[in-house]
Amino acid sequence: MIGKVLAGKAVVAKAVGGATIGTAIALGSMTSAFASDGQHITSTKALAHTEAATYTQAQAKTIALKNCGGTVQSVSFENNAYTFLIHGQDNQDHHVKVNAHSGKVIKVEKLSFSRSEAQAVALKNCGGTVKSVGFNDGVYTFLIHGKDSRDHHVKVNAQSGKVIQIQSAAFTKAQVQTIALKNCSGTIQSSSYAKGVYTFLIHGIDNKDHHVKINAETGKVIKVEAVKFTQEQAKQAKQAALQQHKGTVQSVSFSEQAYTFVIKGTDNIKHTVKISPQTGKVC
């Protein structure tokens, strides 16, 4: 069911706003700045500005479950509202949105297609091997390495089960990654894909982080720029994330707006905390 897929969905309890999440990557490929040590960080360093909510996540959860009985699979926070993914007693998945200030239920929505069902649809339209999957605004995005040896992004609506878009790239992610490293030697921290462009975060041999943008159709480098965010700051970002939700960091992703830490909390729910690469603060 979809709950299994969205267990790692963005969860930013009491954090302001949100950002587009890049492709999540396993911590095994990260540098030590992000490596999961399994320890709870209890530093008392001042946190970034956060948004005060009248209702806590626990209180909002109680309200959500009163409106839709079942088991909470994940929770996110954006635009002053908690969104709970609940696997209901009817054996289907539901999104329940609760206003953080009023405690009122804004929306209860039943989701029609699970990840496995949506994936089957994607593969019928584009045969190959699924390399990764993302979920945002009711849409699954599958990265499929096709039988034609090209990479394809296939978007499937979670409600209708229909393919919204298939975007193919002349260059595979692996090929583009090689190009990125030729232009900026170092270690790839994370990568994201949007509108035909791959963005790699590379920790360079100059001990600085860099963004390398490459057009997936032409293989040409669009931009190489240093990120004003050191590895030491990255460690601090991880600590700030764990102060928001105690637990174990399971993965990190990156976009121009934020580092996104997926944390398996001590409450046994996966949370995501976004940290600005410019300020090192929660965003």
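Residues are numbered from 1 along each chain as its sequence is written, and side-chain values use heavy atoms, with hydrogens and water left out. Because the model is predicted, local features need pLDDT of at least 70 and side-chain atom pairs count only at pLDDT 80 or more, while totals for chains, interfaces and linings use all residues.

Me: How many helices and strands does the protein chain have?
Reply: Helices (H or I, at least four residues) and strands (E, at least two) are DSSP runs, numbered from the N terminus. By this rule the secondary structure of the protein chain comes to 5 helices and 16 strands.

Me: Which element of the protein chain has the highest mean pLDDT?
Reply: pLDDT is the predictor's confidence in each residue, from 0 to 100. The mean for the protein chain is 75, and 75% of its residues reach 70 or more. Over residues 1-52 the value stays under 50. Among the elements, strand β1 (residues 25-26) has the lowest mean, 33, and the highest, 92, belongs to helix α4 (residues 173-183).

Me: What percentage of the residues in the protein chain is buried?
Reply: Buried means under 20% relative accessible area, exposed over 50%, and partly exposed in between, with a 1.4 Å probe and protein chains only. Of the 283 residues in the protein chain, the buried share is 45%.

Me: Which residue in β3 stands opposite Gly70?
Reply: Strand β2 and strand β3 (residues 81-88) run antiparallel and are joined by 8 bridges. The residue of β3 that stands opposite Gly70 is Gly88.

Me: Which residue takes a positive phi in the hairpin of β4 and β5?
Reply: Strands β4 and β5 run antiparallel, with 6 bridges joining them, and Val96 stands opposite Val108 in β5. The hairpin has 5 residues between the strands, and the one with a positive phi near 75° is Gly103.

Me: Is Gln189 buried or exposed?
Reply: Gln189 is found in strand β10 (residues 186-194). A polar atom of its side chain lies 3.3 Å from the backbone oxygen of Thr187. Because its relative accessible area is 0%, Gln189 counts as buried.

Me: Where is Ser149, a residue with a positive phi?
Reply: Most residues other than glycine have a negative phi. Ser149 is not a glycine, yet its phi is about 65°. With a relative accessible area of 51%, Ser149 is exposed. Its place is in the loop between β7 (139-146) and β8 (151-157).

Me: What is the relative accessible area of Asn207?
Reply: Asn207 is found in the loop between β11 (197-204) and β12 (209-215). Its phi is positive, near 65°, in a residue other than glycine. Asn207 is exposed, with a relative accessible area of 54%.

Me: With which side chain does the side chain of Ser168 form a polar contact of 2.5 Å?
Reply: A polar contact is a pair of N or O atoms within 3.5 Å; within protein, one must be able to donate a hydrogen and the other to accept it, and residues adjacent in sequence count only if both atoms are side-chain atoms. Ser168 lies in strand β9 (residues 163-169) and is partly exposed, at 28%. Not counting residues up to four places away in sequence, Ser168 touches Arg150, Asp151, His152 and Glu217. The polar contact of 2.5 Å is with the side chain of His152.

Me: Which side chain is joined to that of His145 by a polar contact of 2.8 Å?
Reply: His145 has its place in strand β7 and counts as partly exposed, at 27% relative accessibility. Beyond four places in sequence, His145 touches several residues, including Gly128, Thr172 and Asp151. The polar contact of 2.8 Å joins its side chain to that of Asp151.

How values were computed
Pairing = 2+ DSSP bridges. Contact = heavy atoms within 4.5 Å.
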